[in-house]
Amino acid sequence: MRMKLKNENLLEVRNYRKEDFVHINKLNEDEKWNNLVENKESTKEAWNNSNIAYVAEINGQLVGYIRGLTDKSITLFICEVLISHNYRGLGIGAIMLNYVHSLYPTTRMEMLANSTSRSFYEQKGYRTFYGFRKTYKE
């Protein structure tokens, strides 16, 4: 999918390719998502096994990504959405969320957020929900 952004740049949202991972890892590093960076091989494996895996490019430069999982009917879970600091405020995150949801319009989209991204999601019409989390080792 291609579209013009507010700043007139052409955005391309396309399927993830294995060679994109080095750029994804750099975005994670810049964002200080240390768990994903420190567990690089597991993170790469997660990308290779996700059925929602898209990147955003401007002029051939990877500027963001979205990764998730879906059963294609009821649930669409977004694991991560990340846009480079230099490209925030242009609507790229919203475009990627809308694009992925449009592929599976019957699903409910769910995701986790942190305190800094909460207002972004609330402005886009998302509502909070209650959930639980546990790792196997806990």
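**Cores, loops and pockets in a predicted model**

Let me begin with T43, which, leaving aside its neighbours within four places in sequence, is in contact with F21, N28 and L36. T43 sits in helix α3, residues 40-49, and it counts as buried, because its relative accessibility is 7% and the cut-off for buried is under 20%. For orientation across the fold, T43 and I74 are 31 residues apart in sequence, and their C-alpha atoms are 25 Å apart in space.

From there I would like to turn to the packing. In soluble globular proteins, nonpolar side chains tend to be buried together. Here the largest nonpolar core has 24 residues, and the members that touch the most other members are L11, I66, I78, I92, M96 and L97. Two or more residues each are given to this core by β2 (10-15), β3 (52-58), β4 (61-70), β5 (75-83), α4 (92-103) and β6 (108-111), and it is α4 that gives the most, with five residues. Apart from this core lies another, of eleven residues, which includes L36, A53, L62 and L82; L36, you will recall, is one of the contacts of T43.

If we take L11 and set aside residues up to four places away in sequence, we find that it touches M1, R2, M3, L5, A56, E57, I58, I92 and I95. As for the geometry of α4, its twelve residues should span 16 Å at 1.5 Å a residue, and the end C-alpha atoms are 17 Å apart, so the two values agree.

Now to the backbone, where two loop residues deserve a careful look. Most residues other than glycine have a negative phi, and most peptide bonds are trans. E8, however, has a positive phi, near 75°, and it is found in the loop between β1 (2-4) and β2. Is E8 buried or exposed? With a relative accessible area of 54%, E8 is exposed. N59, likewise not a glycine, has a positive phi of about 50°, and its place is in the loop between β3 and β4; N59 also counts as exposed, at 71% relative accessibility.

The largest pocket has a volume of about 1200 Å³, and of the 37 residues that line it, W33, E80, V81, S117 and Y121 lie nearest its centre. The elements giving two or more residues to that lining are α2 (34-38), α3, β5, α4 and α5 (118-123), with the largest share, seven residues, coming from β5. Sorted by class, the lining comprises 18 nonpolar, eleven polar and eight charged residues.

The second largest pocket holds about 800 Å³ of space, and its lining is made up of 26 residues, with E110, M111, R127, T128 and F129 nearest the centre. Here α4, β6 and α5 are the elements that contribute two or more residues, and the classes divide into twelve nonpolar, seven polar and seven charged.

Key:
Residues numbered from 1 in each chain as written. Predicted model: local features only at pLDDT ≥ 70, side-chain atom pairs only at ≥ 80, totals over all residues. Heavy atoms only, no water. Core = buried A, V, L, I, M, F, W, Y, C linked by side-chain atoms within 4.5 Å. Buried < 20%, exposed > 50% of the residue type's maximum accessible area, 1.4 Å probe, protein only. Helix = DSSP H or I, 4+ residues; strand = E, 2+ residues; numbered from the N terminus. Contact = heavy atoms within 4.5 Å. Expected span 1.5 Å × (residues − 1). 1 Å grid on protein atoms, 1.4 Å probe; cavity = no way out; pocket = protein on both sides within 12 Å on 5 of 7 lines; lining within 4 Å. Points joined across faces, edges and corners; volume = space filled by probe spheres on them. Nonpolar A, V, L, I, M, F, W, Y, C, P; charged D, E, K, R; others polar.
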